[in-house]
Amino acid sequence: MDPSELNGSEAELNGNGAELNGNGAELNGNGAAEGNGGSEEALPPPPPIPPNVTPIKAEPEVKKITRVPMARRGLGTKGNKVPILTNHFKVNVNSVDGYFFHYSVALAYEDGRPVDGKGIGRKVLDRVHETYDSELAGKEFAYDGEKSLFTVGPLPRNKLEFTVVLEDVTSSRNNGNASPGSENPNDSDRKRLRRPYQSKTFQVEISFAAKIPMQAIANALRGQESENSQEALRVLDIILRQHAAKQGCLLVRQSFFHNDPKNFSDVGGGVLGCRGFHSSFRTTQSGLSLNIDVSTTMIIQPGDVANFLVANQNCRDPFSVDWAKAKRTLKNLRITVSPTNQEFKITGLSEKSCREQTFTLKQKSKDGDGEFQTTEVTVYDYFVNQRNIDLRFSADLPCINVGKPKRPTYFPVELCSLVSLQRYTKALSTLQRASLVEKSRQKPQERMSVLSNALKINKYDSEPMLRACGVSINNNFTQVEGRVLPAPKLKVGNGEDLFARNGRWNFNNKRFVNACKVERWAVVNFSARCDVRGLIRDLIKVGESKGIIVEDPFDVFEENQQFRRAPPMVRVEKMFEEVQSKLPGPPKFLLCLLPERKNCALYGPWKRKNLSEFGVVTQCLAPQRVNDQYLTNLLLKINAKLGGLNSVLASELSPTIPMVSKLPTLILGMDVSHGSPGQSDIPSIAAVVSSRQWPSVSRYRACVRTQSPKMEMIDSLFKRVSDAEDDGIMREALLDFYVSSGKRKPDQIIIFRDGVSESQFNQVLNIELSQIIEACKFLDEKWNPKFVVIIAQKNHHTKFFQPNSPDNVQPGTVIDNKVCHPRNNDFYLCAHAGMIGTTRPTHYHVLLDEMGFSTDDLQELVHSLSYVYQRSTTAISIVAPICYAHLAATQLGQWMKFEDTSETSSSLNGAAPGGAPAVPPMPKLSESVRNSMFFC
């Protein structure tokens, strides 16, 4: 998922070390070297137990079976076979008997202080490479920019110490993955600021850490993954990163971005989308491949600082900039200063304007006592009169400070220019996001030509390290065999069949399969400009054609104009007082008209008030272009929320879904959504969606909880409050299934889990699944349901193309050969029709299958579950339960949002001293809507 994923999961490791040895490599980069790969015998004896402590029973935990992902049982055969090209490029490795040697790198200044700035490491080691070639026996090395260096074969000695001198140490562009703000602001290599061209001496210590057999790569290709194989692939990835760094690229994890304005596109607010490439080595069934894809990151608009601030704050000119806000935005960004073109990092702004801000200037000549004279001069006078630089508009603006807290160094704003390729890491606004998506999408053929070109321009053949380990990369897209599965048959009202064509269908002249009645309802209008009566009339008419009886609403509540400018919470409260005073009893449904379409501030408070406090189902809309199609789509949502169904699989009515229709089966969709990268204190939101009324696979309910920020594993599946009480998510889902499915417990539970990286598969199997089993046992000790666990990933970089066709792959395309895992049970599925850009396939990993599905049946089940999404008349790109989990998490996240002011920096309302802050609990859903599809 996002880079923060691993941080979130460190917490899980403590109580659970035994299960993670096989998986340490991902968590500390070099697990084996740090000694956590050892066997249990090697552990020290336990400490004595103090008399006042009752030890927690941990014995059975250690003996607990550690589950690992299952192996593939076979390939699927169903469907129409088609040739497919993929952006994996075959890699040949010639020297398999060699070793990578891993060395630790320690950098220090002359006086022995360690170097903590990020950007400088690569420069220092480049200099070591130039200066001490013979001491390194002419060896090439791969350096990760921080503390690890790798060579092919050993260096002459296990410990090497060098001294190098760098002139004018300003970090060049390729500062590893340092984002603005990750470097230390009082970084000690700032002394140069006074005497700009002062050189600096570094001590470099390179010491042996581990050796990694290249054979490990061959073993991984045979399905025997190990810490060594993960490390060996990491070395190959680091070689590519270094290759990009040497070309001056910005590096962001596995992606690199060239400094070429052709790759930039303005998304507004002083932010540019920057297009680059992702590259990573993957072990696949057909050998090692290099996966290359187009990737986009956000950067700060380079150039004039004043122009950037005007764009960022969307104001008229530099004189209307909010400088307090500007100070937060600019901190830690790097600038060059004209006319000298020196590079600095911004530490703040001056208190006073350029015209008034003074500093102490030393005179060039000494006075009578041999002392340098000093005078107080304003920044403006110094630049205009002493340096003869003409300042057009900076006189009345603050100055940019690049000095230290005690020793500021000021420059007028107009002389400062932002360096290119500086990452923008804050959350984008809705408009910026839309613009970024719009500008970064590419049709399949365009993407293919860009990727072919990337391989040519990157010249990997000339990379000495790759040659040293005998790696060569083929320039052709790998061809695989895809199979197009037939679309499942759907049923609508009056027992009619519905056949999807190209992943879509419509309700023209058709009725919903299970239409509800819209009664005891009202309309509330928050000052939206709209012909409300006409809207109601059309809604009743369209409803009738779909089989939905829409009664006349009780009333239309127009917002009192005096509250239009009030805060959202107040507007919602006032509207509710109005509704309650006029209606004879609680409404069953409220239609809410909002004044603006995206991100309306009323949405969160309104939903929370309805669903949490009043238990009323509500549908919001921002009426702009309302036609029959719009109203049909609106009714899809309303019908599902009120308990109806729009269309269902023919196989769930008949019931003939393999495995699922035979025995009571619960289907779960689980997802955790995190705040944006810049907001470290926003609780993460875990959502679990569960099926109900078996044998239906189209009806779901959701349970949503908050948990610690950035924590990926769901911690409240089982929550034992007392010996007889469990307040976990699973209990709620299991009891509802039991009640809604005719007093039957599920004999089978199929879990779809979203957004987990490969390094956390074991945790899903050993932490989350264990909690789910505990919740089952807590309800009934003798109950042993069978489990299937499937991970769905969308943020990977494998793409598929149709040879000689401008179109995306057909909906229903499944791929389980050549580019899948050499051992594990995974497959790619494009269930949806890609309308814009290039289809992003969903990568499904089957970690566990106790039900014993055949490969074809399981792939068909996953395909069918992409057709039961009630909000649209299309197949969707990921199974519906996961999509619903996203919706539920997003909607309830909006409830939390208006309590949090994330405009300020993330650390202000951070942890109390001595621990993490308590996570605010999610408000509970009202009893009457708890089991509804309120998230539709």
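## Tyr869 and its surroundings

The side chains of Tyr869 and Arg871 form a polar contact at 3.0 Å. Such a contact is a pair of N or O atoms within 3.5 Å; within protein, one must be able to donate a hydrogen and the other to accept it, and residues adjacent in sequence count only if both atoms are side-chain atoms. This is a predicted model: local features need pLDDT of at least 70, side-chain atom pairs count only at pLDDT 80 or more, and totals for chains, interfaces and linings use all residues. Residues are numbered from 1 along each chain as its sequence is written, and side-chain values use heavy atoms, without hydrogens or water.

Tyr869 sits in the loop between helix H21 (855–864) and helix H22 (880–897). Helices are DSSP runs of H or I, at least four residues; strands are runs of E, at least two; both are numbered from the N terminus. Tyr869 has 9% relative accessibility, so it counts as buried (under 20% relative accessible area; exposed is over 50%, partly exposed in between; 1.4 Å probe, protein chains only). Leaving out residues up to four places away in sequence, Tyr869 touches Ile876, Ala880, Cys883, Tyr884 and Leu887 (contact means heavy atoms within 4.5 Å).

## The nonpolar cores

The largest nonpolar core has 87 residues, and Leu591, Tyr884 and Phe935 touch the most other members. H22 gives this core its largest share, eleven residues. A core is a set of buried Ala, Val, Leu, Ile, Met, Phe, Trp, Tyr and Cys residues joined through side-chain atoms within 4.5 Å. A second, separate core of 42 residues includes Val267 and Leu361.
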